[in-house]
Amino acid sequence: MCTEGLWYCELVRNRMVRKTAGGEPTPGKGPDDTTQALVDALNVYRAQLFVTSGHATQRDWQIGFRYRNGSFRSEQGRLVGIDTQGHSHPVQSPNPKVYLPIGNCLMGHIDGPDAMALAWMHSAGVNQMIGYTVPTWFGYAGWGCLDYFVEQPGRYTLVEAFHANQRALVYRLQHEIGNRRGLEFDRDVVALYGDPAWEARMADGPRAFEQTLTRNGDVFTLRITGNRGNKSFAPVNTNGSQRGGRPLIAFLPFRVTDVRVLVEGRLNPLITEDFVLIPHPGDYEEGREYEVRFRATRVEDP
C-alpha cells in the first residue's frame, strides 16, 4: 500500500524487498548486517514512514530477531546505529516522518532523557509516533494501527487511525467474551506522541472498499462500496498480531446529539457523538446496499 519503500527482514538474514514508485514489490538480497542500510534509509533515502518490530527496550531496538544483527540505541538523547562490529552510525534525518514501532516492547516508555522515543523525535525527524510503554503481548492496539493507517491509504491521518483502532478495541471488549485479558492489557499501554493536529496520512491509493459520509441538513448517510468482490472486507495483510477483522469507522465532521437511525441496512451501527462504527460485516455481498442513514442534531460550541 506504500507508493515506494524498502523492507528488511528481521527473521531471515539477507531477505529484503524494494518497491519503486509505479512498480511492484521486488525481492532482493540485503546485507548480513542491516544496521547501515537502515540508517541510510533514514538519512539518505529519507523514509517518511518507519515501521519496526522485534525485541526492544527503553534504550535500544534490536534489529535481528532470529539472527545476529546490529541495534539502534540512544546515546545522550541521540539515535545511533551500532553494527555487529561495534561501529557507530549516527542517525541524522530531519525530514518529517511517522514512526510505528508496532511490534516493539517499551519503545513508548519515556523514563528519562535517554529514552528511545525521545531519541527518535530528536535525531530522526519523528513528528508523530506510537509506542508500547510496557513489554508487548497481545498486539491489538499496536499492530491494528496498520489496518487503519497503512491498509486504507489516505483515508485516515495517523491520529485518526490510532483513535479508530482504540475505538475498535473498546467495542470488541464490550461485545466479546474471549480475549478480554489481552484487550484490557492493550487498551491502557500504548501512547501516541506528537502534535495531534499534525495531519500525516498515506498517499491515496487503491483501497479494498470505499466509504462515503454525506450530509443533507440534519440527515447523515454513510455508504460502503466494495472494490475487491467478496474479499472487500478481508484482511489486506495478516502479518503480525491481531490483524484484520476491524470494524468500519467514519468520523463525523462535528459533535452530534439526539441521534435517530433511519436506515441501518442490517449493519448494526453504533453512532456516537463524533463517529460511526459498523461491526465487521463479514464477506462482502455483491448487490447488497451497505448504507446507514441517521438524523442528528449538531452540538453547538459553547
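**View A. Surroundings of phenylalanine 149 in the predicted model**. With neighbours within four places in sequence left aside, phenylalanine 149 is in contact (heavy atoms within 4.5 Å) with Leu49, Leu100, Tyr156, Thr157, Leu158, Ala161, Ala200, Arg201 and Met202. Because the model is predicted, local features need pLDDT of at least 70 and side-chain atom pairs count only at pLDDT 80 or more, whereas totals for chains, interfaces and linings use all residues. Residues are numbered from 1 along each chain as its sequence is written, and side-chain values use heavy atoms, with hydrogens and water left out.

**View B. The largest nonpolar core**. A nonpolar core is a set of buried Ala, Val, Leu, Ile, Met, Phe, Trp, Tyr and Cys residues joined through side-chain atoms within 4.5 Å; buried means under 20% relative accessible area (1.4 Å probe, protein chains only). The largest one has 31 residues, and Leu100, Ile130, Tyr148, Phe149, Val190 and Ile249 have the most contacts inside it. At least two residues each come from strand 9 (97–104), strand 10 (126–132), helix 3 (140–149), helix 4 and strand 17. Helix 4 gives the most, with eight residues. Another core, of 20 residues, lies apart and includes Leu222, Ile224, Leu248 and Ala296.

View C. Helices (H or I, at least four residues) and strands (E, at least two) are DSSP runs, numbered from the N terminus; strands pair if DSSP finds at least two bridges between them. Four bridges join strand 14 to strand 17 (residues 275–278), and alanine 250 has valine 276 as its bridge partner in strand 17.

Methods
Buried < 20%, exposed > 50% of the residue type's maximum accessible area, 1.4 Å probe, protein only.
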